[in-house]
Amino acid sequence: MEKPLLIPQPGLRFTFADHEHVFEITSSNYGVIRYAAIAGGKPCSIPTSTFETRYKNGEIQCIFAPEKLFINPDSCSTIRRKERYVLTALAKLAAPTSIEPLRELIQEIAAEIKDSSPPSARTVARWILQYRLSSNSALSLSEQGKGNKTLRYPPEVYQIINQGISEIYLQPEHRTSKDVRAFVLGKFIEQNLSLEYLPSSRSIQRAIARLDPYIEMRVKKGSRVARKYFQAAGISTPSPFALYTVEIDTHYLDIIVIDPETGRALGRPFLACAIDTYSRAIVGTYISMFPPSALTTLALIKDMITRPNKDLPGGIPAIIIPDNGVEFKNNSLARVCEQLKITITPSQIGTPNNKPHIERFFGTLTKSILQKLLGTTFSNPTARGEYDSSGKANLTLDKVKEYVDSWINTVYQQTVHSSTGRTPFLAWNDAIEQIKPSSLTKTDADIICRRPVDRNINHGQVIIDGLSYFSHALTTLKADGIKKVTVLVDDLDLSKVYIIHPDKKDLVIQADSTQPEYTYNLSRSVHLEVQKRKKQMSESDKQRLGKHADLYNLYLLMKDIQNDLVRKKPKLKQLKIELPKQLTRLESELTSHPSNEELTAIPQQQNAPQPAVSFGSLKVKRHDK
């Protein structure tokens, strides 16, 4: 029995042989079939002729199609008979529509397939023309839809129309059928064609209407917008128990925070957040002015795996589904997940199918709390209207953190979730009664959630970004013949690092900074900015300041930022938040001096009392002596 042929139209579902994934045709135009996975995914395309060939060979299997998409067995036999003549002529003849060679070939084919009523040469030539015009589709050989099939215009006119649509209409700029018709008119004049064949505006509009809407939107608005518009929500990832799957994402909060010292607007902070897909409980947060990066991701994971110590939902998850950004393709995150036995399953770019719960939470957070605070930016300029977000802003970053944490713990976690029918807090508590979540102490989490860097030991020290860290244990490692070690760095606090023994992975050595005053609560971003300023100093100033050059440049950086250098360098906004505390400590170390005397020599003896070191109007004290 002949396998029934299919008319590939939107709605037809199929699978590929030896694969369990189900696909659905979303469009079929101009010899190209566009399809996508039922579970969600980016659109794919395949030529109609290739689809038909793979369907005949059994590689593609139809699992659902409306009855009208099937061609009855009698018609299938007729189509396959015609296809045999057409394909043989195309394969064997240099000019397949030539009448004389066709007559001889038809007799051979008729004898092979035992066709008692072979077609005429002109009939086969017509079949070949239909087959070619339909992008080699065998369905063009069916006898459905009989009627006047003659072309309204010469073939070259249709070529000009298609060229106009491709070069004029399918462009990012706003173009209409009138622009395409003007192009066609210009081509008519260039090629000296008779204007009696000039297509009407309606003919151009009908040709544009036959375009695949996905292709049109992709050209006009971009691939990401087109994929999002033409893709259904898909199937969410199931989670059998708490912390089996955790979705992680970073959100740009709709609120402007201010500098706690000057009261000036700094910009919108970022929220890195983790949600348990089983209970819908929030299991980790980190709010800062830093954009998505490995730094913010590690800070979020550190909060998540230590939250059980504070009687909050959290712990070590089995699987994390992060946004497919650069912050989740980092060596730091890979190392942490390997040690904690966490599987990383990134979501597809530009699609929310693998992390719908965290996306929905961000929407709830924005409408329930952020857009009710002074300084909100709302969701878009239309919603904001004439509201002056910067002028109304009066909340610091710490205050926003306090409000968000309070809302999560007292409102969101205690409110019945529409999908689960339970509050996230109660669902979490019931889930962990059977399977207790694993967690780490604050110290262990601080050691693990760091950026690994390989360095050589030199005189009991290791150097990271120009900063030296010492430990007497490092001299022992060097004596044992160990030169290269892995250093764990916290980019938010450079006051100390941890060093892993290359042979004993469970042995961790703490190395302290040789400049404790400078590196106290110092982030790597601030340090790199200080080093840029240090390079601009003259050699004489560097020699005069000596090892206090970093401390002095840090002090000047803080002063400049407090004097609103942020407006000149927007990237320094993320540094401004952490500076007031730094500045308070430094000002206790750097005191005013009445005269601008030269920097005095610094004693080299470590045990001798160290006099105050002065430069400009500042004085440096060591250990309050």
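In which helix does Leu185 lie? Leu185 belongs to helix α6, residues 177–190, where helices (H or I, at least four residues) and strands (E, at least two) are DSSP runs numbered from the N terminus.

The legends below refer to a predicted model, in which local features need pLDDT of at least 70 and side-chain atom pairs count only at pLDDT 80 or more, while totals for chains, interfaces and linings use all residues. Residues are numbered from 1 along each chain as its sequence is written, and side-chain values use heavy atoms, with hydrogens and water left out.

**Figure 1. Overall view of the protein.** The protein contains 24 helices and 21 strands. Of its 625 residues, 44% count as buried; buried means under 20% relative accessible area, exposed means over 50%, and partly exposed lies in between (1.4 Å probe, protein chains only). Accessible areas come from the Shrake-Rupley method with a 1.4 Å probe, and for residues only the protein chains shown count as cover. Among contacts with a separation of 6 or more, 62% are between residues 24 or more positions apart, a contact being heavy atoms within 4.5 Å.

**Figure 2. Nonpolar surface patch at Leu185.** Leu185, Ile189 and Leu195 make a nonpolar surface patch of about 280 Å². Patches are made of residues with over 30% relative accessible area and no salt bridge; like charges are joined within 9 Å, and nonpolar side chains (Val, Leu, Ile, Met, Phe, Trp, Tyr) within 5 Å. Leu185 is partly exposed, at a relative accessible area of 32%.

Figure 3. Two strands pair if DSSP finds at least two bridges between them. Strands β6 (residues 245–252) and β9 (residues 270–276) are antiparallel and share seven bridges; within this pair, Glu247 has Ile275 of β9 as its bridge partner.

**Figure 4. Salt bridge between Lys302 and Asp490.** The structure holds 19 salt bridges, each defined as a side-chain nitrogen of Lys or Arg within 4 Å of a carboxyl oxygen of Asp or Glu. One of them joins the side chains of Lys302 and Asp490, at 3.7 Å from N to O. Lys302 lies in helix α10 and Asp490 in the loop between β16 (484–489) and β17 (496–500), so the pair ties together parts 188 residues apart in sequence. Lys302 is partly exposed, with a relative accessible area of 21%, whereas Asp490 counts as buried at 11% relative accessibility. A network of salt bridges links Lys302, Asp446, Arg450 and Asp490.

**Figure 5. Salt bridges of Asp303.** Asp303 forms a salt bridge with Arg307, where the closest N and O atoms are 3.4 Å apart. Asp303 also forms a salt bridge with Lys310, with the closest N and O atoms 3.6 Å apart. Asp303 counts as buried at 16% relative accessibility, as does Arg307 at 5%. Lys310 is partly exposed, with a relative accessible area of 48%.

**Figure 6. Surroundings of Tyr214.** Tyr214 is found in helix α8, residues 213–221. Its relative accessible area is 7%, so Tyr214 is buried. Leaving aside neighbours within four places in sequence, Tyr214 is in contact with Arg34, Pro43, Ala226, Arg227 and Phe230. Tyr214 and Pro43 are 171 residues apart along the chain, and their C-alpha atoms are separated by 9.2 Å.

**Figure 7. Strand β18 and its pairing with β15 and β17.** Strands β15 (residues 467–470) and β18 (residues 508–513) run antiparallel and are joined by two bridges. In this pair, Tyr469 stands opposite Ser513 of β18. Strand β17 also pairs with β18 in the antiparallel sense, over five bridges, and the bridge partner of Val497 in β18 is Ala511. Strands of a sheet pair through backbone hydrogen bonds, either parallel or antiparallel.
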